[in-house]
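Morning, everyone. Let me put the structure up, and then I'll walk through it.

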Amino acid sequence: MSLSVISPTNIERENETLNEIFKSIDENKSIIFNSGAGAGKTYALIQSLKYVIRNYEKKLKKHNQKIVCITYTNVATKEVKERLGNTDLVLISTIHERIWELTKDYQKELVEIHKEKVYEEILKLEQKLIVDKEYKKYQELNDNNKEKFKKIMLEYRELFFQNYSTKAAEFKKVFHTILDEFPEMLTNVNYFRKTVNTLYTLEKLSECYEKIKLNNKQYKKVEYTSNYNHDRLHKMQISHDTLLEYGLKLVEKYDLLKQIIIDQYPFVFIDEYQDSDEKIVLIMSYLENYSTKIGHKWFMGYFGDSAQNIYDGGIGGKITDIHIGLNSINKEFNRRSTKEIIDVINKLRSDDIEQISIFDDCNGGSVKFYIGTKEDVQNFIDRYINEWEITEKTQLHCLVLTNKLVADYSGFKNLYETFTETDRYGGMNYNQLNNELLSNDSSKLGEIPKLLFNITRLLVNLFDNKTPVIDISPNESLFEDMSIEDLRELIIQLKQIKGKTLDECIKSIETYYSKVNNEKYRIIMDWIFGFENITSDLFENYLIEKLFNNISDNNLERAKATVNRLLKIDMYEYQLWYKFITDSQEEKVIYHTYHGTKGREFDNVIIIMENAFGRNKDYFNFYFENFMDSNALGDEDKQKYGKIQNLLYVSCSRAIKNLRVLYLDDITDLERGIKEIFGQVNLTNNKLQ
DNA sequence: ACCTTGTGAATTTTT
DNA sequence: TTCACAAGGT
């Protein structure tokens, strides 16, 4: 067995790194702790928090001070809380929660900033209306006609949105007579839609601006709506990014706020700093500068790895340009992977971190690069199931680029495709599909995905003997007053639900819903469905209503066909989807997106790769082509190069023992780069080997 | 030959 | 929403 022996020297050296952090904490010298993949970064963070608690608890309690720990995701918040154990001395949360807690009571100041923001937005839109070519026809109107056009469109607002996604010819028909004075406006329906939308937005913002100025009662409070991903400025509601923006402005503007934060929270830690928004780092650097200025002690610790910044908006390596003077501490040990993997991933970073294994027995892994075609993928995977003797326990993890592919390979292709046919998740709402159908946080599922999830969960739980009875109940008290006999009866009734497809299951539920005449049965079903008197007709209508916009005659046909497709999908497929979401798949091969594997580790990894990613036809090939001479790239190309490198780094560093890359495009021009990183290039076709 | 318009397909992820 | 490309117009 490998990866188990650590020499005393290495233990000591690892402790030295920790001691370096502790020393900085004692000296109030803010740090940036960099460590590569699998280094035990979170461990270092937890140890640092514990160190502060151990050594400063009395002092902190005396002054009613707390330690702040910021994580990037709610999942990470939970993990740190669990690993640190129960303490009220440390406030662990996401940055958004913390900033909102710190600023929400300064409503007067927030509204003032909001007013400025609304005004800026108005100016921006007005400028666009004058310059952008989409508004050309509007620009050609005289002032009088501009007003007139706007007035008409404000009047027909409802009609406008009712027909928003109808085809151009249809749309023109609807507005033809209404706009007979402005035939030119309708020539390009897309431009028309954009123009009218902009006019509506401007109208709403102007109204909001006026009401704030007039001290209107409903405009005295700004709200952070974390469940929405967009600002609704005119409703005084802001979303994630704007919250950070306002936070930054408040901190920038008010010295008193800076002092309050510094004095109340003398230790701040940020986990996964590379994903933090630049605005956060600015806030922290302002705080640090101010603490120096007023001579109050303050410590800031950034923990992360700039090479693992794979999201737009993350600060990555730029952090040290913005927060100046950080004491940089690097950790060189890798606690995850075999030497063979580490040697490869070391080539995929451009900073001075070069990892070595902490284990003496670190050999025994393997990395190989293959080329093949799409048709080879299945064979390739099967081959390694055999070669690595993969079982449902050991599992092989296969990384692909898109969620669509994950859905295909994981066996719920129909489900995914049918959702793209709906209004709610197709067309311009296409980008919400992954969020609301594939979120592995079930509380983030969309309304209909959540309903399907609940139904599937009930069935999975009912027929899985390991599930405690309580898990099929909406709340703990439901079973409290029941006798064992009644409970058994209820379970037997529930287990009557039968059906190969969703449709058949719903019909079966309908039958028993009225037949069993059991109040508890109804309570459970009503809770799962979210409405009462469940029938399959009601269910179908509910799906149509929630998944489609305006159900006019020919739209209804389409809606019915799509919903029918959903109903005819095998329950087995819903189960595969359910297990994907709950991360409880019992297959030999588990599929992920590259991005989705961040923070995780697997013994055996296969990465399927090709030139293109998204709209970018030259993505991974661009990286390999330039690998030998990346310094010669221009600024923009260098940035692109770095982004691809980080994604490659994250993907390859998931592997503990065995890593295979299967490349699906021609590599003639990239061969040198690839060989430099992965060594020999192999062919999937055995004859040619 | 060039410009305008319409259509359909498309990255990942978090708050 | 944004982009590429096909279709259609001048």
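A residue is near a molecule or strand when its C-beta atom, placed from the backbone, lies within 6 Å of it. This is a predicted model: local features need pLDDT of at least 70, side-chain atom pairs count only at pLDDT 80 or more, and totals for chains, interfaces and linings use all residues. Residues are numbered from 1 along each chain as its sequence is written, with chains lettered from A and ligands numbered from 1 in the order in which they are written.

DNA strand B, then. It has 28 residues around it, and Thr73, His96, His240, Thr402 and Gly614 come nearest. Helices H3 (74–84), H10 (189–213) and H17 (403–410) are the elements that each give two or more residues to that surface. Helices here are DSSP runs of H or I, at least four residues, numbered from the N terminus. By class, the surface has seven nonpolar, 18 polar and three charged residues. Nonpolar means Ala, Val, Leu, Ile, Met, Phe, Trp, Tyr, Cys and Pro; charged means Asp, Glu, Lys and Arg; the others, Gly among them, are polar.

Next, a helix pair. How do H11 and H13 pack? The axes of H11 (residues 240–253) and H13 (residues 278–294) come within 9 Å and cross at roughly 15°. The two are therefore roughly parallel (angles under 35 degrees). Among the contacting residues are Leu244 and Val251 in H11, and Ile283 and Leu287 in H13. Contact means C-beta atoms, placed from the backbone, within 7 Å. That contact has eight nonpolar, one polar and three charged residues.

Last, domains. From an automatic or database assignment, chain A has domain 1 (8–105 + 254–331), domain 2 (107–238), domain 3 (356–401 + 594–688) and domain 4 (413–581). The centres of domains 1 and 4, over C-alpha atoms, are 43 Å apart.

Definitions and conventions
Axes are lines fitted to C-alpha atoms, for helices over the stretch in contact, and angles run from 0 to 180 degrees between N-to-C directions. Angles under 35 degrees count as roughly parallel, over 145 as roughly antiparallel, 65 to 115 as roughly perpendicular and the rest as oblique. Two residues are in contact if their C-beta atoms, placed from the backbone, lie within 7 Å.
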